[in-house]
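Here are my notes for when you have the model open.

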Amino acid sequence: MSIVLAIETSCDETAVAIVNNRKVLGNVVASQIDIHREFGGVVPEVASRHHLESINACIDTAFEQSGLDWSEIEAIATTCAPGLVGALLVGAAAGKTLAMVHNKPFIGVHHLEGHIYASYLSQPELEPPFLCLLVSGGHTSFIEVRGCGEYELLGETRDDAAGEAFDKVARLLKVGYPGGPVIDRLAKTGDPQAFKLPEGRISLPGGGYHPYDCSFSGLKTAVLRLVQQFETEGKAVPVADIAASFQYTVAQALTKRAVRCAGDRQLQTIVVGGGVAANSGLREILTAAAAAAGIQVYFPPLKFCTDNAAMIACAAAEHFQKGDRSRLDLPVASRLPITQVQTLYAPLVPLKGKS
Ligand code: KG4
Ligand code: ZN
């Protein structure tokens with residue numbers, strides 16, 4: 001049993017959760033989407049200020065939902081990297097202060113590790129090894145997960161992340177923010193075969209293509225050209241058909257690589273994480289392709305695909321059980337490769353000064 005309270009403020013969601021290993025006891029997400037919508041994207045300084053305003057109420061509500069009190073919390077976790085530094089600082093300062101005041105261990109968490117473990121919240125039996133397809137607003141990565149903290153990055157995007165591509169294409173189509181859910185909805189009424197769009201393969205110096213790395217910036221440019229062509233000709237832009245064709249191309253590109261990656265590594269399981277794991281096209285296409293290849297695939301429940309603190313608490317509980325603890329002077333970082341998560345748990349180094 002590991003009861004962990006976690007705080008997540010790496011971007012535009014103020015989130016607090018209490019979990020007992022994989023069981024969610026309290027889960028609060030205060031979204032700032034409506035605030036950032038008028039700017040068409042997240043404004044970092046605005047995000048930090050809203051985290052500061054919301055965080056105490058989110059903690060109180062998580063406790064109310066769980067019915068627990070502080071004495072029952074075993075560890076306090078906070079996302080410390082990667083993310084917007086000002087936003088991360090609000091959560092980290094709150095988490096460390098609470099750890100100090102209540103005399104509990106503090107566990108800094110890598111945001112992407114949270115996305116990796118989001119599927120654990122609905123799958124009590126799921127264990128490594130598996131391939132994680134991590135598709136969020138900032139990352140598109142193919143990661144071999146061998147154990148908690150043991151990751152190998154096998155492939156990634158060379159430019160835009162999958163979620164970022166959804167957001168940018170939604171902006172080109174002038175259909176709203178954030179782009180992923182809007183495109184997903186529009187795609188349901190469009191024809192995915194209406195337009196053949198480029199998949200974005202990465203050429204290798206000796207010829208051929210990289211088996212796992214991908215690129216979405218060319219796809220975004222192809223959508224821009226298509227929109228401009230309709231506008232130049234004075235025709236209505238077929239928004240639903242473009243959305244469906246774009247979504248289909250992204251889902252195919254991710255599926256092909258994930259299935260190949262899992263096969264090459266002899267992994268029988270693919271675990272998907274991140275906001276784009278909510279995409280219905282990706283869910284359908286990857287589920288079918290994985291089944292055909294004899295691979296089991298897990299997607300988190302929709303509410304745990306996008307940013308939340310339950311997944312952070314779940315990742316923290318894994319580290320807590322391993323004995324990992326973070327120092328209270330652990331800094332936050334805008335970037336930290338997933339292969340370096342163990343640096344969050346570096347032991348206290350004794351000072352060797354001359355007396
Ligand atoms: O994981 P997340 O909440 O935040 C990051 O860590 O980046 O992912 C947010 C991203 C956004 O780009 C959003 O457009 C995308 O996930 N997203 C989706 C869907 N829901 C959210 N993309 C495609 N289809 C969706 N249904
Ligand atoms: Zn995220």
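Predicted model: local features only at pLDDT ≥ 70, side-chain atom pairs only at ≥ 80, totals over all residues.

1. First, a term: a polar contact here is a pair of N or O atoms within 3.5 Å.

2. Gly137 uses a backbone N or O atom, at 2.8 Å, while His111 uses an N or O atom of its side chain, at 3.1 Å. The protein covers 88% of the 560 Å² of accessible area that ligand 1 has on its own.

3. Who lines the site? The elements that give two or more residues to the shell around ligand 1 are α4, α5 and α6, and the largest share, 4 residues, comes from α6. There are 19 residues around the ligand, and Gly137, Asp167, Gly180, Asp184 and Gly275 come nearest.

4. Have a look at α6 itself, residues 179–187. Its buried residues are Gly179, Val182, Ile183, Asp184 and Ala187. The cover over them includes α5 (162–172), α8 (239–264) and α9 (280–292).

5. His111 lies in helix α4 (residues 111–117) and Asp307 in the loop between β10 (296–298) and α10 (310–322), so the pair ties together parts that are 196 residues apart in sequence. His111 is buried, at 8% relative accessible area, and Asp307 is buried too, at 15%.

6. Check the prolines. The peptide bond from Ala81 to Pro82 is cis, with omega near -20°, and Pro82 is in the loop between β4 (75–81) and α3 (85–101). Another cis bond joins Tyr177 and Pro178, with omega about -10°; Pro178 belongs to the loop between α5 and α6.

7. Asn21 is not a glycine, yet its phi is positive, about 55°; Asn21 is in the loop between β2 (13–20) and β3 (23–31) and is partly exposed at 23% relative accessible area. Gln266, also not a glycine, has a positive phi of about 55°. You'll find Gln266 in the loop between α8 and β9 (269–273), where it counts as exposed at 67% relative accessibility.

Note on methods:
Residues numbered from 1 in each chain as written. Chains lettered and ligands numbered in written order. Heavy atoms only, no water. Buried < 20%, exposed > 50% of the residue type's maximum accessible area, 1.4 Å probe, protein only. Contact = heavy atoms within 4.5 Å. Near = heavy atom within 4 Å. Polar contact = N/O pair within 3.5 Å; in protein donor to acceptor, adjacent residues only side chain to side chain. Areas by Shrake-Rupley, 256 points an atom, 1.4 Å probe, with all protein chains shown as cover.
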